[in-house]
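Let us walk through this protein together, from the whole chain down to single residues. Keep the viewer open as you read.

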Amino acid sequence: MSWSRRRFLALSAVPLAGCGFTPLYGEGSAARNLQGRIRVDVLAGRFGFDLRERLVTRLGPPSNPSFNLKVRTTSEQDSRAIRADNTTSRFTLSILAEFQVIERATGAQVFQDTAQAFTAYSAVASAFATREAEADAFNRLATTLADQIVLRLATTAEVWAT
C-alpha cells in the first residue's frame, strides 16, 4: 500500500472519532449486551416459526433472559395482476409486526414498536409452484421483519435495557 493511501485512510477516520460515532455492537455497548438476554415467545404457524427462528439467531439463544419479546403479526394479501381469463397472476403480501419487550423481573413493558414489510410473488399454472412461491415470500418477510425488529431493539437498547 502506498504512503499516500495509508495517510488518506488514517485521516479519513479522524472526523468519525470527533463526532461521537460508536459502533452499534461495539465492546460494552447496550446492543451487544442484549445477546442472550431476550427470550422470544413462541409464535403460531409456519410464518411464526420462521420469524422466531430468525429472531433467536440474531439475538442469541437466551442463557439467562432478562426480557421477553412478544410479537403479534397481521398479514394482508392482495391480487395485483389479473389475466384475461380472470385469474390472478401476481400477489402482494404485507405483514405488520407489533412487538413489545417485557422485563421478566417486574412484568413491565419497557419497549414497544412496529415493523412492516411487503413482498410479491407470481402465480403460475402449477399449483405446487405457486404454493412454493408463496412460502418463499413468507420466508423472505420473516427474515426482513426479524432484521427490522432486532435493529430497532439494538438502536434503542441504551434507553430500556439498563
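A word on conventions comes before the tour. This is a predicted model, in which local features need pLDDT of at least 70 and side-chain atom pairs count only at pLDDT 80 or more, while totals for chains, interfaces and linings use all residues. Residues are numbered from 1 along each chain as its sequence is written, and side-chain values use heavy atoms, with hydrogens and water left out.

The protein has four helices and four strands. Here helices (H or I, at least four residues) and strands (E, at least two) are DSSP runs, numbered from the N terminus. Reading from that end, the order is α-α-β-α-β-β-β-α. Of the 162 residues, 31% count as buried; buried means under 20% relative accessible area, exposed over 50%, and partly exposed in between, using a 1.4 Å probe and protein chains only. The protein exposes about 10100 Å², and carbon and sulfur atoms supply 54% of that area. Accessible areas come from the Shrake-Rupley method with a 1.4 Å probe, and for residues only the protein chains shown count as cover. As for contacts (heavy atoms within 4.5 Å), take those between residues at least 6 apart in sequence: 62% of them join residues at least 24 apart.

Now turn to helix α3 (residues 45–59) and helix α4 (residues 127–160), which pack at an angle of about 40° with their axes 8 Å apart. The axes are lines fitted to C-alpha atoms, for helices over the stretch in contact, and angles run from 0 to 180 degrees between N-to-C directions. On the α3 side, the contact is made by F47, D50, L51, R54, L55, R58 and L59. The α4 side brings F138, N139, L141, A142, T143, L145, A146, D147, I149, V150 and L153. By class, this contact has 12 nonpolar, two polar and four charged residues. In that count, Ala, Val, Leu, Ile, Met, Phe, Trp, Tyr, Cys and Pro are nonpolar, Asp, Glu, Lys and Arg are charged, and the others, Gly among them, are polar.

Within this pair, have a look at F47, which lies in helix α3. At 14% relative accessibility, F47 counts as buried. Leaving aside neighbours within four places in sequence, F47 is in contact with T73, I95, F138, L141, A142 and L145. F47 and T73 are 26 residues apart in sequence, yet 9.5 Å apart in space, C-alpha to C-alpha.

Next comes V40, in strand β1 (residues 38–40). V40 counts as buried, at 3% relative accessibility. Not counting residues up to four places away in sequence, V40 touches R52, L55, V56, L59 and L69. From V40 to L55 there are 15 residues in sequence and 7.3 Å in space, C-alpha to C-alpha.

Strand β4 (residues 109–122) holds Q109, which is partly exposed, with a relative accessible area of 40%. Beyond residues up to four places away in sequence, Q109 touches Q100, V101 and I102.

To finish, find T162 in the segment after α4. Is T162 buried or exposed? At 79% relative accessibility, T162 counts as exposed. T162 and A30 are 132 residues apart in sequence and 7.7 Å apart in space, C-alpha to C-alpha.
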